[in-house]
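Dear colleague,

Please find the structure below, together with its sequence. My notes on what was found in it follow.

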Amino acid sequence: ASGPLSEPVALKCRIPTEITVPPELQVVIGSPVELNPGVLGEGAAPLDSVKVDVTSSDPSIVTAEGYTIKGVAVGKARLQSAVGAITSVTGVEVLEKVVSEALTLRDGANRSFTLQPAYYLVVIETKVDPRLKQGVTVSWSGAVCDNQPENTSLRFNCRVEEAATMTVTNPQMGIGATVTGTLNAYRAPG
């Protein structure tokens, strides 16, 4: 008669110790983004195929469907990513795109945009020959916002209290080149 057999078996535990997520995220209404949380185990080793639960602190501002993050309304909220008792938090700012325009401005030309009362994030990117040290300026009429000095790339906030005009100018240089690029203005929390 033989007794029970036993044999040692090595087990590898996959115990999460950390969830990696970005500390901040900007989401534009109508343009969902993927969060892609990473899960790390002992020794900061990546753990694949570990499901992370993502929840919103305010679903009226931002929602999480799996790892797809969707902006619902302009505002701020937090996303919590969790695996058991391990959690990480991402601050979210939801923006609404109100102007999205291609810009083409000849030397000395300008283009005006009317903005309604709100708090805005304005982003202007131009494509110019870097040797020309040329860009665009921004000036305001009807708003107490800072004029922006000439630059190839501008990113700034402004609170418009009543309808105002923002003018983007390619400063006259006499022999200056045409500037092309994009302008995006977003309603932002603030």
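**Strand pairing**

Within strand 16, glycine 181 is the bridge partner of threonine 126. This is a predicted model, in which local features need pLDDT of at least 70 and side-chain atom pairs count only at pLDDT 80 or more, while totals for chains, interfaces and linings use all residues. Residues are numbered from 1 along each chain as its sequence is written, and side-chain values use heavy atoms, with hydrogens and water left out.

Strands here are DSSP runs of E with at least two residues, numbered from the N terminus, and two of them pair if DSSP finds at least two bridges between them. Strand 11 (residues 118-127) and strand 16 (residues 179-187) are joined by eight bridges in the antiparallel sense. Strand 11 also runs antiparallel to strand 14 (residues 153-160), again with eight bridges. Strand 11 is mostly covered, as seven of its ten residues are buried (buried means under 20% relative accessible area, exposed over 50%, and partly exposed in between, with a 1.4 Å probe and protein chains only).

An open sheet is formed by four strands in the order 10-15-12-13, with antiparallel pairing. Its edges are strand 10 (110-115) and strand 13 (148-151), each of which pairs on one side only. From one strand to the next, the twist averages 20 degrees (axes are lines fitted to C-alpha atoms, and angles run from 0 to 180 degrees between N-to-C directions). Strand 12 (residues 136-141) and strand 15 (residues 164-169) are paired antiparallel over five bridges, and valine 138 faces valine 168 of strand 15.

**Nonpolar cores**

A nonpolar core is a set of buried Ala, Val, Leu, Ile, Met, Phe, Trp, Tyr and Cys residues joined through side-chain atoms within 4.5 Å. The largest has 25 residues, and Ile124, Val138, Trp140, Met166, Val168 and Leu183 are those with the most contacts inside it. At least two residues of this core come from each of strand 9 (86-105), strand 10, strand 11, strand 12, strand 14, strand 15 and strand 16. A second, separate core has 18 residues, including Leu25, Val39, Val62 and Ile69.

Contact means heavy atoms within 4.5 Å. Not counting residues up to four places away in sequence, valine 168 touches several residues, among them Leu103, Phe113, Ile124, Val138 and Leu183.

Serine 81 is found in strand 8 (residues 75-83). Serine 81 counts as buried because its relative accessibility is 0%. Leaving aside neighbours within four places in sequence, the contacts of serine 81 include Ile19, Leu35, Asp53 and Ile86.

**Salt bridges**

The whole structure contains four salt bridges (a side-chain nitrogen of Lys or Arg within 4 Å of a carboxyl oxygen of Asp or Glu). One of them joins aspartate 53 to lysine 51, with the closest N and O atoms 2.6 Å apart. Aspartate 53 is partly exposed at 44%, whereas lysine 51 is exposed at 61% relative accessibility.

Glutamate 96 and arginine 187 form another, with the closest N and O atoms 2.8 Å apart. This pair links distant parts of the chain, 91 residues apart: glutamate 96 is in strand 9 and arginine 187 in strand 16.

Glutamate 101 and arginine 111 also meet through their side chains in a salt bridge (2.8 Å, N to O). Because glutamate 101 lies in strand 9 and arginine 111 in strand 10, the pair ties together parts that are ten residues apart in sequence.

With kind regards
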